[in-house]
Protein chains: 2
Amino acid sequence: MRWSQLYVPTLREDPADADAVSHRLLVRGGFVRQLMAGHYSLLPLAVRVRAKIVDIIREEMTAIGAQEFILPALHPAEIWQRSGRWEVMGEEMFRLKDRKGADLALGMTHEEIFTVLSQELKSYRDLPQMWYQFQTKFRDEARPKSGLLRVREFTMKDSYSFDIEAGGLDRSFGLHKAAYERIFARLGLPAIPVQASSGSMGGSASVEFMSPSNAGEDLVVRCPGCDYAANTEKATSALPAVVDGPGLDAPERLDTPNARTIEELSLQHDVPAERQIKTLVYVVDDQLTLILVRGDHNLVEQKLIDTLAAKAVRPATAEEIQAALGASPGSLGAVGIAELPILADEALRGRTDMTTGANTDGVHLRGVSIERDIAVERWADLREVTAGEPCPQCGTPLEVVVTIEVGHIFKLGRKYTETLGVTVLGRDGERVVPIMGSYGIGVERALASIVETHHDDKGIVWPVSVAPFEVAVVMLGTSDEKVTEAAEGLYRQLQSERVDVLLDDRDERPGVKFRDVELIGIPYRITVGARGLADGTVEATTRATGETQSVPVAEAVEHVRKLLTAAV
Amino acid sequence: MRWSQLYVPTLREDPADADAVSHRLLVRGGFVRQLMAGHYSLLPLAVRVRAKIVDIIREEMTAIGAQEFILPALHPAEIWQRSGRWEVMGEEMFRLKDRKGADLALGMTHEEIFTVLSQELKSYRDLPQMWYQFQTKFRDEARPKSGLLRVREFTMKDSYSFDIEAGGLDRSFGLHKAAYERIFARLGLPAIPVQASSGSMGGSASVEFMSPSNAGEDLVVRCPGCDYAANTEKATSALPAVVDGPGLDAPERLDTPNARTIEELSLQHDVPAERQIKTLVYVVDDQLTLILVRGDHNLVEQKLIDTLAAKAVRPATAEEIQAALGASPGSLGAVGIAELPILADEALRGRTDMTTGANTDGVHLRGVSIERDIAVERWADLREVTAGEPCPQCGTPLEVVVTIEVGHIFKLGRKYTETLGVTVLGRDGERVVPIMGSYGIGVERALASIVETHHDDKGIVWPVSVAPFEVAVVMLGTSDEKVTEAAEGLYRQLQSERVDVLLDDRDERPGVKFRDVELIGIPYRITVGARGLADGTVEATTRATGETQSVPVAEAVEHVRKLLTAAV
């Protein structure tokens with residue numbers, strides 16, 4: 001491709017609204033333009049990168065025996081109603097009516113629609129099946145942001161497996177996990193596989209692939225000492241035991257007129273945070289519920305959702321709390337509460353001599369023994385793990401990393417096949433409901449995540465595997481016949497060797513050309529100028545290192561081939 | 001690919017609801033399944049064919065210098081409002097609101113959205129540009145039907161050209177026309193380029209590519225004697241002149257109590273249809289309008305729309321007609337009408353001694369001289385051409401063919417660049433509004449149209465260029481080691497020669513295997529059976545002709561290669 005025939009509207013300045021590095025560089029480099037918040041147009045350079053990402057994913061899907069489909073993006077409401085997700089998906093689902101008034105949804109994901117196709121499977125002999133597609137997903141994000149990282153419309157590679165039994169699902173899940181690891185490795189995208197919540201998908205297990213990025217919104221807990229890694233939505237740690245004092249025979253009133261927070265209580269009354277009970281009030285699917293965590297711990301809402309299989313949770317309002325407990329946040333407690341469900345975090349189990357609110361403003365109770373004084377209905381892991389806590393597997397202090405989710409694989413179980421009435425003939429003649437897995441990679445998010453991890457102050461540094469071009473041949477001086485001849489010759493030779501090469505034949509100053517090639521991140525640059533040609537040489541520059549060496553013209557193609565071979 | 005690992009749910013029976021051949025065969029062959037009316041899931045075989053079609057289109061787009069983009073499918077209403085098409089598109093446009101209440105549209109086409117991107121073009125030096133994409137279009141068709149031929153969701157290759165002046169547009173248009181001819185030739189799809197109406201696109205000229213199909217809904221007028229071809233929306237003919245009698249000095253009352261139609265008047269009062277004026281009453285953008293055509297001619301509504309640049313036309317109701325003219329259809333006429341606009345078809349110009357309704361039920365007028373007696377406001381070509389009329393170019397009797405539109409190219413002019421405020425610096429320093437073209441091919445419709453023209457009573461007969469597999473190696477007897485070894489060997493050899501080969505390794509009866517291979521339309525079949533192997537031969541069968549020949553095993557690969565080379 002000749003640059004003069006390629007539309008690459010690079011910008012000198014950073015776009016004003018870009019909050020993430022990838023957003024800034026993809027706009028400046030002429031890869032993308034925003035149509036409206038959360039919707040981006042991909043320009044020719046981005047289309048090239050996207051196609052390479054798609055090809056890599058497709059190869060790895062084919063390698064594990066998955067088959068490609070393309071399913072509609074517009075769905076009848078009826079199928080989503082049958083699975084129960086018409087309601088669950090809430091405002092994140094784009095909904096519309098057709099000219100006849102029928103309810104439709106834009107597909108956020110395709111579990112339901114692939115499951116409809118599986119209704120044609122007849123017998124255990126037809127299983128396993130692994131089906132996938134590249135299809136646009138639409139999600140009405142509350143706050144689209146960070147360029148391609150969080151959008152309302154994007155391409156997803158989503159696959160779905162159908163197996164006769166759990167062992168088969170384990171195999172399909174394992175094949176996908178290994179394929180995803182190969183895919184991210186080939187994309188040059190660091191992606192940590194972590195245990196995660198299954199969220200609205202349902203199912204028994206899920207693994208997320210998380211790529212470190214400051215623009216991310218997910219916290220991942222990772223052990224530097226072993227392979228433990230989990231989303232904070234799921235992570236645990238081996239907290240050191242707290243040694244409690246003997247305590248009191250019964251809770252005792254403690255006047256705390258000025259202590260409305262854990263910290264104030266700690267400072268004014270010498271009660272360390274880990275000796276306090278923090279009482280949170282939530283509305284869980286319309287039911288007011290008390291949640292207890294240790295004073296120095298935070299609740300993870302997703303853990304609450306997962307524990308209770310809740311559809312929606314939200315903190316109660318001050319009014320709701322006042323009406324139920326007769327006090328304001330700051331003096332809340334669960335001692336003596338019988339009429340509301342009480343959940344407590346595992347870290348509080350067995351604790352004695354604790355302090356908590358008395359449900360009277362300005363008053364706390366001390367000497368509380370949780371299991372004696374509070375009617376805990378359910379114990380669960382509800383707290384957020386923080387950096388430095390011991391790994392649950394090996395005890396090493398844990399790290400917490402900011403990441404973006406680039407892939408997610410789920411063991412779904414039989415939720416969709418059951419609700420949509422799928423059965424096949426089993427080995428013993430009985431009807432069997434197939435068990436499913438679901439597996440997704442966001443294509444444009446992967447593209448942007450690669451930029452998040454591969455850039456410097458000059459621009460993007462694409463890995464060779466996904467670069468829009470592998471090599472740029474830059475001609476310095478488009479009116480110098482020797483230069484144009486040599487550059488055109490190298491261009492043709494590299495093309496005939498099937499190298500993906502861009503010829504910068506623009507009539508621009510060298511500074512502009514170098515800056516653009518660096519900004520758009522071409523891995524290798526061959527510079528053809530009059531001065532070098534006088535000695536029979538061109539310059540070969542590696543984008544990642546900035547290293548430049550002089551190479552005889554006649555050896556330039558061989559040199560490029562060696563660089564590309566070494567890079568793969 | 002091994003058939004045992006490919007999901008191809010072929011059916012024994014025709015689907016009950018299939019009205020078009022392509023629909024019937026694509027469902028029976030396991031290529032597609034309907035999700036809801038107008039929305040189809042593509043199964044693995046269809047995905048393979050679609051990918052080959054996309055590759056051919058992409059190659060030809062690249063060859064003319066067009067560049068690939070991907071633009072959003074969800075659009076802000078505001079941009080469509082600025083072009084005026086938010087209103088024009090009516091019920092065919094899917095509309096929705098997002099969680100914040102903003103109006104959105106699902107893209108039916110992308111003139112507006114590509115034009116937004118063109119706002120960044122700075123100067124005449126940046127032009128011409130030809131930009132294209134493969135993107136899903138959504139159209140809320142009143143009557144989705146005929147499988148993939150008329151749907152509500154489909155992939156379109158749409159391109160858009162931006163030029164500085166009309167001569168540039170002519171060039172971009174010509175490049176696309178030639179590319180489309182090559183594309184349809186490579187797809188094996190007969191497609192007649194015809195003059196067509198530009199419809200809601202606006203613009204100065206358009207050419208449709210029409211493929212003969214009984215499932216089509218468009219009539220094309222074609223001359224067997226020269227290159228004249230046009231959609232009936234646009235077609236004309238060289239009608240022989242009618243010699244009129246001397247006529248009367250003024251129209252004269254003719255009592256016609258039982259003549260309510262052209263035919264009845266003709267039979268009862270000996271007035272041939274071509275001596276009658278047919279008076280039609282339409283509502284054109286809220287204005288009641290009289291349309292006059294010759295008694296034996298029919299109005300083409302699109303010609304009326306194009307003539308008046310109307311947004312919407314519809315026949316007036318009996319009540320509206322009664323209120324305006326005081327008579328029922330059957331006795332309507334335009335003599336003496338001054339308060340309504342009157343349009344007349346060119347074939348009526350200069351006619352005398354005609355008969356028409358008197359706007360009194362049961363009464364007509366005879367001796368009408370049109371130009372003397374009727375206040376015609378505008379003359380235009382409004383009539384439908386019928387088979388046998390003389391070609392406007394060479395006089396040969398015209399044919400009328402039922403077709404389906406597989407491509408459409410438009411000279412758009414400056415409608416979109418003007419309304420969206422695009423200007424670039426011109427050669428002389430002035431601001432210039434670029435001139436646009438727009439060009440589309442429906443990918444899945446092309447796929448189905450190929451089936452419409454390539455099938456027989458056994459199934460589909462794919463052209464080699466787009467077949468899901470080029471060759472099927474069918475093993476007869478999966479338990480005979482000699483057979484499996486020979487078949488596997490051929491399979492591996494063909495794969496290593498980059499032949500797209502399917503190995504039918506299923507444990508099925510030969511009849512089932514042959515029937516399936518024929519149904520799904522694989523161009524060549526190599527049959528490996530014990531009997532042939534005893535003589536050291538396999539059978540090679542050509543799907544299109546049914547021809548079978550015996551080929552030594554050792555020569556089978558070379559034989560296939562020759563067949564494939566000859567087919568391209």
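A residue is termed buried when its relative accessible area is under 20%, exposed when it is over 50%, and partly exposed in between (1.4 Å probe, protein chains only). The structure is a predicted model, in which local features need pLDDT of at least 70 and side-chain atom pairs count only at pLDDT 80 or more, while totals for chains, interfaces and linings use all residues. Residues are numbered from 1 along each chain as its sequence is written, chains are lettered from A and ligands numbered from 1 in the order in which they are written, and side-chain values use heavy atoms, with hydrogens and water left out.

With relative accessibility at 5%, A:Cys223 counts as buried. For A:Cys223, the nearest cysteine sulfur belongs to A:Cys394 and lies 3.5 Å away. In chain B, B:Cys394 is likewise in no disulfide, and its nearest cysteine sulfur, that of B:Cys223, is 3.5 Å away. B:Cys394 counts as partly exposed, because its relative accessibility is 40%.

Attention now turns to the interface. Contact (heavy atoms within 4.5 Å) joins 50 residues of chain A with 50 residues of chain B. Between the two chains there are 6 salt bridges, a salt bridge being a side-chain nitrogen of Lys or Arg within 4 Å of a carboxyl oxygen of Asp or Glu. A salt bridge links the side chains of B:Arg33 and A:Glu120, at 2.6 Å from N to O.

Conventions: A disulfide is a pair of cysteine sulfur atoms within 2.5 Å.
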